[in-house]
Amino acid sequence: MSTRTLISPARLARPRGKLLYWLCFALVVALFTLAFLGPLYWMVSGGLKTTQEAVQTPPTWVPGSVHPENYQRAWEVMDLARLLLNTLYYAFGALAFQLVLDVAAAYSLSKLRPVLGKAILGMMLVTLMIPATVLVVPQYLTVLDVPIVERNLLNSPWAIWLPSVTNAFSIFLLKRFFDSIPKELLDAASMDGAGPLRILWSLVLPISRPILGVVSIFAVVGVWKDFLWPMLVLPDPTGQTLAVGIYSLATSVPENVLIAALTIASLPTLLLFLVFQRNIMSGLTAGGLKG
Amino acid sequence: MSAPTLTQDPAAKDRRPRRPRAGAVRPPAGGLGKALRRNVTAHGFLIGAVLCFAFFSWYPIVREFLLAFQKTDDGQVSWVGWDNFVTVWNDPAFGQAWRNTLWFTALALVLGFAVPFLTALVINEFRHGQGYLRLLVYLPVMLPPTASVLLFKYLYDPGYGMFNEVLGVFGIPAQQWLQDPDTAMLSVVVASTWMNMGGATLIYLAALQGVPGELYEAAELDGAGLLRKVWHVTIPQTRLVLALMLLMQIIATMQVFIEPFLLTGGAGPEGSTTTVVYLIYQYAFNFNNYGAAAALGLILLVLLAGFSALYTRLNRATEE
């Protein structure tokens with residue numbers, strides 16, 4: 001770090017400055033660790049306590065006796081395996097639909113430039129300005145009875161997959177990235193006789209790996225974190241997502257088992273984050289995305 | 001929730017002079033047939049996404065407007081003019097929901113706006129451990145909200161919760177948190193800030209890194225202290241990002257739902273956490289009154305459209 005910030009380097013170089021700097025640093029690191037890892041520690045350790053210990057006053061920092069079998073109980077009693085599989089199914093289905101349809105749309109809008117393309121892009125971007133929660137009611141009614149095809153999508157994975165495609169933000173990110181690919185490259189390929197699909201597959205997609213990664217991670221995390229929509233369109237308990245299933249079972253299991261279940265539900269996205277944090281953070285600052 | 005962007009506005013892109021459509025490779029002969037075929041291909045690539053938008057985004061937007069002026073009884077749809085709006089307006093919960101939502105927004109602006117900015121300022125000053133601190137702040141964003149909200153519900157418990165325990169260390173008496181109408185909303189905001197502040201903090205950090213260091217040096221020559229440097233250099237230099245995040249925060253917090261829904265069952269003690277979106281949810285899914293839900297939604301939409309428009313204009317300004 002060589003950039004100059006609020007406090008001058010000369011001042012930091014003095015012994016008093018150095019001492020203060022390290023003091024503040026230690027304090028901030030301790031405070032942040034407590035504030036952000038504290039609740040997570042509490043969650044993991046709470047899942048290891050006995051039911052009695054989990055609800056005793058005053059609470060204990062370190063479990064008096066360790067009961068990893070709570071995690072197993074949560075897994076069995078709340079049928080977490082099924083909920084987890086459901087969520088994976090919805091998340092990766094949504095990812096597949098978004099990757100295929102949104103990438104194709106962004107490619108078309110960026111490189112093939114169809115008639116009315118700009119109007120279509122504009123109409124897609126307008127949806128970003130409509131508050132999402134306002135649309136939940138009419139969207140739900142649409143899912144109950146999809147016009148023209150007259151199908152009821154309640155309790156069907158399509159109710160998650162198809163609306164996930166209407167992510168104007170991913171289309172915008174992808175289109176912007178495709179716009180930056182030099183035209184000459186594509187022209188050279190088409191001179192060699194490659195069709196649009198082939199150009200997309202063997203030229204555009206390999207170049208676009210970073211942005212595809214960012215869009216994919218956000219697609220999966222989006223389904224994983226969503227609550228209201230899956231609660232509404234997947235009322236059948238056997239088809240619910242992890243987030244909704246845990247909520248609906250929350251009051252019927254003992255505290256320590258519930259906390260163990262929360263830990264299990266949090267693990268997949270936390271691991272995804274720890275593995276891909278570089279991509280996620282760069283995608284975030286590039287796109288200004290807020291959960 | 002859909003995410004507005006902080007980056008360049010697409011419309012700005014379109015104002016650039018248009019590139020010639022046909023590439024150098026395209027032979028001049030057979031113009032019409034070629035153009036037609038090219039368009040069929042292009043629209044073929046578009047059709048899947050357009051159909052999804054049509055069914056699940058554009059049609060629901062139109063439907064929201066229609067629903068607000070309709071009544072549905074046993075599948076019979078009839079036009080009722082402004083009746084739904086009157087129903088919603090006369091509901092005693094209406095005023096309370098708006099007051100609560102505005103109170104939440106105000107609290108969330110004080111906490112959710114200031115805390116990430118201060119956090120970013122502090123992290124930016126350190127020459128060590130920035131990666132670790134950034135990681136910590138963003139960690140909660142990756143948790144499913146159900147998990148973090150239920151975790152907070154547990155932490156807030158007046159008996160076995162950790163919060164009273166920690167306050168006890170500083171000699172502060174135990175609080176009722178979510179059970180007390182006076183502190184319920186504040187408790188919801190604290191949980192919400194913890195869950196969501198990561199994104200804003202990282203965006204502020206990126207903005208802070210763009211502040212030219214010479215400005216701080218110049219300010220020091222003029223004898224400015226720490227606070228004056230923040231006030232006269234940092235804030236003016238990052239004001240566009242700050243303004244954008246402020247608008248985004250307003251738009252997001254006015255739509256708050258999951259935190260009160262899971263923490264206090266939606267209404268909270270004496271209705272102290274009933275928000276506008278929770279009221280919409282109740283009309284639609286508890287009372288089956290889609291008309292009233294749509295009317296209330298439309299009021300929220302019109303209100304937030306103003307902020308959205310402002311956001312779009314500002315976003316464009318950042319590009320120029």
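The lining of the second largest pocket divides into 25 nonpolar residues, three polar ones and one charged one, where Ala, Val, Leu, Ile, Met, Phe, Trp, Tyr, Cys and Pro count as nonpolar, Asp, Glu, Lys and Arg as charged, and the others, Gly among them, as polar. The model is predicted, so local features need pLDDT of at least 70 and side-chain atom pairs count only at pLDDT 80 or more, while totals for chains, interfaces and linings use all residues. Residues are numbered from 1 along each chain as its sequence is written, chains are lettered from A in the order in which they are written, and side-chain values use heavy atoms, with hydrogens and water left out.

**Second largest pocket**

- About 1,000 Å³ of space lies in this pocket, a volume being the space filled by probe spheres set on grid points that are joined across faces, edges and corners.
- Of the 29 residues that line the pocket, those closest to its centre are Leu34(A), Ala35(A), Phe163(B), Val190(B) and Trp194(B); on a 1 Å grid over the protein atoms alone, a pocket is an open set of points where a 1.4 Å probe fits, with protein on both sides within 12 Å along at least five of seven lines, and lining residues have an atom within 4 Å of a point.
- Two or more lining residues come from each of helix H2 (15-46) of chain A and, in chain B, helices H4 (92-125), H6 (145-156), H7 (162-169) and H8 (181-208), helices being DSSP runs (H or I, at least four residues) numbered from the N terminus.
- H2(A) gives the largest share of the lining, nine residues.

**Interface of chains A and B**

- In chain B, 113 residues are in contact with 119 residues of chain A, contact meaning heavy atoms within 4.5 Å.
- The two chains bury about 10,900 Å² between them, 74% of it on carbon and sulfur atoms, where buried area is the accessible area (1.4 Å probe) lost on putting two parts together, summed over both.
- Phe45(B), Phe56(B) and Met142(B) supply 8% of the area that chain B buries against chain A, more than any other three residues.
- Zero salt bridges are found across this interface by a rule that asks for a side-chain nitrogen of Lys or Arg within 4 Å of a carboxyl oxygen of Asp or Glu.

**Annotated spans**

- An unreviewed UniProt entry places "domain: ABC transmembrane type-1" at residues 84-276 of chain A, a span that is 76% helix and 0% strand (strands being E runs of at least two residues).

How values were computed. UniProt positions are given in the numbering used here, feature names are shortened, and annotations may be inferred rather than shown by experiment.
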